Amino acid sequence: MSGEEVFIGSLDQGTTSTRFIIYDRSAKPLGSHQVEFTQYYPQSGWVEHDPMEILETVRVCMAKAVEKATALGHNIDTGLKAIGLTNQRETSVIWSKSTGAPLYNAIVWMDVRTSSICRKLEKELSGGRTHFVEACGLPISTYFSALKILWLLENVDAVKEAVIKGDALFGTIDTWLIWNLTGGTENGLHVTDVSNASRTMLMNLKTLEWDNTILNTLQIPAQILPKIVSNSEIIGNISKGWPITGIPIAGCLGDQHAAMVGQACRKGEAKSTYGTGAFILLNTGDEIVQSKHGLLTTLAYKLGPEGPTNYALEGSIAIAGAAVQWLRDSLGIIETASDIEELAGRVDSTGGVYFVPAFNGLFAPWWRDDARGVCIGITRFTNKSHIARAVLESMCFQVRDVNDSLNYFRVFIFNSIRILNKYNDAHI
């Protein structure tokens, strides 16, 4: 057995790209492929993805990663034993159970089209913005899936009709992928994991089940929701038609929760991850801790159906690396994301320029979906290097705000905070 080649695959479906990596028994990557996909901005503050394009990126990344590992002499066909899945959270899809076709584009986690629905609920519900916090740990916000479901139910005729006919299925991206990977219209499995479910605003943090009181209050039909499973168990096997088939899907976590597991964060330990956004999570062990300082109470992970449940406090920052992409794609100040380091390094300060990347509001600890981005302090002296440096420093200021909120919870002594930078070719 010791001489047998054993591999596992990791599918990372993020906000701007999809990646598949094959690892050996020593966690050494043998083959990897990454593909960016289209970001749609139909209106100011709206962000959408094409669910079918996401599926195609998964297919391409799987095939290319296998091809690369095979080219190195590894027998992936016989050695690949399982895959795990991690994904962008909260992004919501509703599709037809009978045809497998999405009934609307995926509404992305940072989309703020539901702000009017949020204001309406805040006025109508006795607890206002925090009406559901005791049950699910989350305030009423454009960030979470429940509000996106309400918008789809109210505004998309195809969704309304499919719900009436019993033909609608809802899922965050993990659910959409697993359903398609395990057969789709041919008995695909309609499941989600506890970490992704905890980001919908619909799961009860104590029971780890859909909360009927929340569902009834929001009038969201329970029959469209997936089954909730743990983060580490055999969910199902990959069906025919994919580059790898018959392989078990043995784990699933939302991306920030996967980072906690990957960084081995136990009670009192935190991680800070920098990607499209930035997310600081502090493991609070088996204790559900409510914050009055703008942090979210969420599930950290549950490793196995009988495993203990770990909870976390989270500070979510919507825009981090996405601001670098904005400099590249919208302003054309840089050609590649890594160019920002050299550009910002030409100056030793921002020259008094401050940048607030509130493209789609501000998340923790402010929770202002009406905020918008600003760049202030510009003078005739200002050049693009100052702006580039201000963009990078904006990430620091936002993280400082979250850390200040975390400092109110000194009972959880910070044994360590682990940093993970997805833009790992930058060092400034």
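Modeller: Buried means under 20% relative accessible area, exposed means over 50%, and partly exposed lies in between, for a 1.4 Å probe and protein chains only. This is a predicted model, in which local features need pLDDT of at least 70 and side-chain atom pairs count only at pLDDT 80 or more, while totals for chains, interfaces and linings use all residues. Residues are numbered from 1 along each chain as its sequence is written, and side-chain values use heavy atoms, without hydrogens and water.

Biologist: At 34% relative accessibility, how does Ala264 count?

Modeller: Ala264 is in the loop between α10 (255–262) and β13 (269–274); helices (H or I, at least four residues) and strands (E, at least two) are DSSP runs numbered from the N terminus. Phi of Ala264 is positive, about 55 degrees, although the residue is not a glycine. Most residues other than glycine have a negative phi. With a relative accessibility of 34%, Ala264 counts as partly exposed.

Biologist: Is Gln219 buried or exposed?

Modeller: Gln219 lies in the loop between α9 and β10 (227–229). Its phi is near 60 degrees, a positive value in a residue other than glycine. Because its relative accessibility is 66%, Gln219 counts as exposed.

Biologist: What is the relative accessible area of Ile214?

Modeller: Ile214 belongs to helix α9 (residues 212–218). Leaving aside residues up to four places away in sequence, Ile214 touches Phe132, Ala135, Cys136, Met201 and Leu202, where contact means heavy atoms within 4.5 Å. Ile214 is buried, and its relative accessible area is 2%.

Biologist: Which side chain is joined to that of Ser316 by a polar contact of 2.6 Å?

Modeller: Ser316 is found in strand β16 (residues 309–317) and counts as buried at 0% relative accessibility. Among the residues that Ser316 touches, not counting those up to four places away in sequence, are Tyr143, Arg199, Phe363 and Trp367. A polar contact is a pair of N or O atoms within 3.5 Å; within protein, one must be able to donate a hydrogen and the other to accept it, and residues adjacent in sequence count only if both atoms are side-chain atoms. At 2.6 Å, the partner of the Ser316 side chain is that of Glu314.

Biologist: How are α3 and α5 oriented to each other?

Modeller: The axes of helix α3 (residues 115–124) and helix α5 (residues 145–155) come within 10 Å and cross at roughly 105 degrees. Axes are lines fitted to C-alpha atoms, for helices over the stretch in contact, and angles run from 0 to 180 degrees between N-to-C directions. Angles under 35 degrees count as roughly parallel, over 145 as roughly antiparallel, 65 to 115 as roughly perpendicular and the rest as oblique. The two helices, α3 and α5, are therefore roughly perpendicular.

Biologist: Which residues of α3 and α5 make the contact?

Modeller: On the α5 side, Leu147, Leu150, Trp151 and Glu154 take part. From α3, the contributors are Ile117, Cys118 and Leu121.

Biologist: What is the omega of the peptide bond from Ala364 to Pro365?

Modeller: Pro365 lies in the loop between β17 (354–356) and β18 (374–376). The bond from Ala364 to Pro365 is cis, with omega near -5 degrees.
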